Structure formats: C-alpha cells, structure tokens
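Biologist: I would like to understand where the words used for a protein model come from. Could you show it to me and let me ask how we know each thing?

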Amino acid sequence: PEVIRYNGSEKNELVFLPDGSNVTLTIGSRISYSRLMNGKKREVSISGEAFFDVVKNHEKPFYIRTQNMVIKVLGTSFRVTASEGKESVAVKTGKVSVYLKGQDLEQSAAKILLPRQVCTYSVPKKELITEAYTGKSKIEIEVESINEYNFEDAPLDTVFKTLEKMYTLPLYYDREVFKSCFITISLKNESLEDKLGIITKTVGASFSISDYGISIEGKGCKYK
C-alpha cells in the first residue's frame, strides 16, 4: 500500500521513512512512498519542497521523482523543490545523480551532483542545468534542530503512539498488559525495525510487521 504524507500544518513537519531515512516537509508539501519500502529499491514522489536525509543502503538505491526529474541517491542529505513551476535538487552532503524522466539512468545525460551544487530543470530548454550554491536555505537551518525524539522514563504507550505518528502505521498491542512499562530512549535515524527491536528488547516483548501494521506481544512489566 502507498502512504501519502501531506503537511497541512503551519510549520515544517518531520517525516520518518521505514528505512531510517527522514524527510522534513515544508508547509503544503506532499510525498508518497510504499508503506514498508520493502521492494528492490526505495522510491518517493514529491510535490512541494523537502529536505531529505537518506540512510545508505547500496543494495537498495533511493529514488525521488518530481514531475520531470528523477534523483538517484545511495546515502546523502539534500533539498528537493518541485512546486510553482520550479524543480531542483541541492546537495548538502554526499552525491546524487539526476536525470530527466524517460531517460535511462545509465546514459551520459545523467548529471552528477556534489556537495554545494544545485541542479535545476529548465522549462524552456527542457534540460538540466547545474550550478554552485552558497549559504543555507531556511529549511536546512530548521532541520538541524528537529531530527530526533527523546523520551525519559516515558510510558511505553506514549512511545508507541509516537511511532504510529512517525510512520503512519497502526500498532496493535494490549495497553493493559504494558501499562506498567516505562522506557528511556532516543529515536534518531534508525530503521523502523531497529527502533522496534530496541524498544521491545527493553521490555521483554517481540514484534512483527505487515502491510496492515505492527503487532507487539509480551507479558508486560511487573513494576516501574
């Protein structure tokens, strides 16, 4: 199933992807992706502007699609704009390759972008133009302060509800069984499975993931 995340709030929104990557969506922006990202490649479509921090996985390249461009990345951080007739990608760290939709990635037409470079789609010329850029965009500055969730002696139910919101995946568990469980944890760029592994190991539970959601099984905690 496909997940669509739309930022209808009045501030930037941090979205966590199942592979451990995260995306900061600006106001009015939208992305869509496979719920579990368990195919041979990771794919995201975007409308609007977002900052991506992609986890490296050489076996599963990460693709971002705009109306006219395709961006391929193995692991890096960069800003993508696809709104109001403008399409561009600006690299902060690592490198990405950019090509036009309909082109073969292996063709020489693909542009290789390095840090501090921006590639823009020219509507009149119907081609990609690469330039250098300096400074930080507003979204890059804000991203640096909202890339993790910290919990200190928090009820397990609170952590689970946060995970549900982060990944738009329902969690199924017996609240009564786990009501005495409290946990201190910091959630950053780990994959969804790694996060669940750490949490469930801490409280002696187990988990399973399917397209329908996440199931948690365990005997709970006898005391705080």
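Biologist: Why is C119 called buried?

Modeller: This is a predicted model, and in it C119 has a relative accessible area of 0%. Buried means under 20%, so C119 is buried.

Biologist: What makes C181 and C221 a disulfide?

Modeller: Their sulfur atoms are 2.0 Å apart. The cut-off is within 2.5 Å, so C181 and C221 count as a disulfide. The structure holds one disulfide.

Biologist: And what kind of bond is that?

Modeller: A disulfide is a covalent bond between the sulfur atoms of two cysteines.

Biologist: Which parts does the pair of C181 and C221 tie together?

Modeller: C181 sits in the loop between β15 and β16 (182-187), while C221 is in the segment after β18. The pair therefore ties together parts that are 40 residues apart in sequence.

Biologist: Why is the disulfide of C181 and C221 called right-handed?

Modeller: Because the torsion about its S-S bond is about 105°.

Biologist: Is C181 buried or exposed, and what about C221?

Modeller: C181 has a relative accessible area of 1%, which is under 20%, so C181 is buried. For C221 the value is 22%.

Biologist: What is the order of strands in the open sheet of three strands?

Modeller: The order is β15-β18-β17, with mixed pairing. β15 (171-172) and β17 (205-210) are at the edges with a single partner strand each, so one side of each has no neighbour in the sheet. Helix α3 (residues 192-202) lies across β17 and β18, and runs at about 155° to β17.

Biologist: Back to β12, then. What makes β12 and β13 paired strands?

Modeller: At least two bridges are needed, and β12 and strand β13 (residues 127-132) have six bridges in the antiparallel sense, so they pair. One example is Q117, whose bridge partner in β13 is A132. The two strands form a hairpin with four residues between them, and K126 in the turn has a positive phi of about 55°.

Biologist: How many bridges join β9 and β12?

Modeller: Strand β9 (residues 86-93) and strand β12 (residues 117-122) pair over three bridges, in the antiparallel sense. There, S88 stands opposite T120 in β12.

Note on methods: Residues numbered from 1 in each chain as written. Predicted model: local features only at pLDDT ≥ 70, side-chain atom pairs only at ≥ 80, totals over all residues. Heavy atoms only, no water. Contact = heavy atoms within 4.5 Å. Axes fitted to C-alpha atoms, helices over the stretch in contact; angles between N-to-C directions. Buried < 20%, exposed > 50% of the residue type's maximum accessible area, 1.4 Å probe, protein only.
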